[in-house]
Amino acid sequence: MAFLTLTDISKYFGGVAAVERFNLDVEKGEFVSFLGPSGCGKTTTLRMIAGFELPSSGTILLDSEDVTYKAPNQRNVGMVFQSYALFPNLTVGQNIGFGLQVRKENEAVIKARVDEMLGLIHLEQHQNKYPYQLSGGQQQRVALARALAIQPRVLLLDEPLSALDAKIRVELRLEIRRIQQALGITTVYVTHDQEEALSLSDRVVVMSQGRMEQVGTPFEIYNYPRTQFVAQFVGQLNLLPITGLDLAAETCLLAGQTVQFEHHQSRQLSEAPRLAIRPEEFRLGALEGCNVLSGRVETVMFLGAVVRLRVEVGGLLFSADLFNERNITPPRVGEQIEISFPVHACWLT
């Protein structure tokens, strides 16, 4: 049986559905991320798990216990917020031990637990400092340690890295994953950042307008999106209008040029199907066994690890990402090129 189970969870505010018929099983020790744009219901779902919001319908089981309508302090969950929410008048050590103080643990237990948490987050030398004396990244580590000090059954994180700069975000998400795996704690993480969700998670729940669009591993979510929303929201995607569609032969015309694709019967097509191709699937030149298009380079953008081309084919524009190789000069604007992509790399949506 799953460690955390959400069954038909819905939440309405004034008749408007913030979350609707949400179903999810989370295994013990699993790291699951809720990914989606602002207003999709991911934070509301997290707050229902924490007990800060009560569901309009549905049930929440935690370690086989029904906690649907229990208060937050009766659930034994740890919460880390976007804002660090540290007590400015308490030291780092006092902040970490605050939850244990509230539970009236004895001083020896509190000291041992605080020391353990300081070692876990690598801030042993900062125990007697106050929050204003720490960097943003250090403060968020303290907030994480405070949430973990009470030995919660589930760790909940609500966009904990969004207030930090890009480099610190990357470093801290590696720390969060390291700590989560070291403790084996069941974790639910809310983010709108797809890179965070894909790099941290065992599974990702993509949400839109209060509903679950798809649940799967990062590999599945990125490579096999089940809906057009998931395909567009996760990663870059070219969606190109087509003509001459022949599902039996798995071919179509893209700006008058024949393209072969893989059609999956399970994928529901829209009334006006379009061809979906990730930019990284393209290669320069005509490669055997691949689709080949002839077009003109409209723009060239150097992005460090990749060079992004905008290519015009018969009036259609699409993006193509090429690996940056120092010994290969990228095409120039206005140049006519041939560009290839595998049959399995494109699908109809």
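This is a predicted model: local features need pLDDT of at least 70, side-chain atom pairs count only at pLDDT 80 or more; totals for chains, interfaces and linings use all residues.
User: What percentage of the residues count as buried?
Analyst: Let's turn to the interior. The protein has 349 residues, and its C-alpha trace spans about 75 × 50 × 35 Å along the principal axes. The share of residues that count as buried is 46%.

User: How many helices and strands does the protein have, and what share of its contacts between residues at least 6 apart in sequence join residues at least 24 apart?
Analyst: The fold has nine helices and 21 strands. For contacts between residues at least 6 apart in sequence, the share joining residues at least 24 apart is 66%.

User: How far apart do the centres of the positive and negative side chains lie?
Analyst: There are 32 positive side chains and 38 negative ones in the protein. The centres of these two sets are separated by 6 Å.

User: Is T191 buried or exposed?
Analyst: T191 belongs to strand 8, which covers residues 186-191. Its relative accessible area is 2%. Buried means under 20%, so T191 is buried.

User: Which backbone nitrogen does the side chain of T191 reach?
Analyst: Leaving aside residues up to four places away in sequence, T191 touches F34, L35, G36, K42, E159, E196 and A197. The side chain of T191 also makes an approach at 2.9 Å, to the backbone nitrogen of D193.

How values were computed:
Residues are numbered from 1 along each chain as its sequence is written. Side-chain values use heavy atoms; hydrogens and water are left out. Helices (H or I, at least four residues) and strands (E, at least two) are DSSP runs, numbered from the N terminus. Buried means under 20% relative accessible area, exposed over 50%, partly exposed in between (1.4 Å probe, protein chains only). Contact means heavy atoms within 4.5 Å. Lys and Arg count as positive and Asp and Glu as negative; His and the chain ends are not counted. The place of a charge is taken as NZ of Lys, CZ of Arg, CG of Asp or CD of Glu. A polar contact is a pair of N or O atoms within 3.5 Å; within protein, one must be able to donate a hydrogen and the other to accept it, and residues adjacent in sequence count only if both atoms are side-chain atoms.
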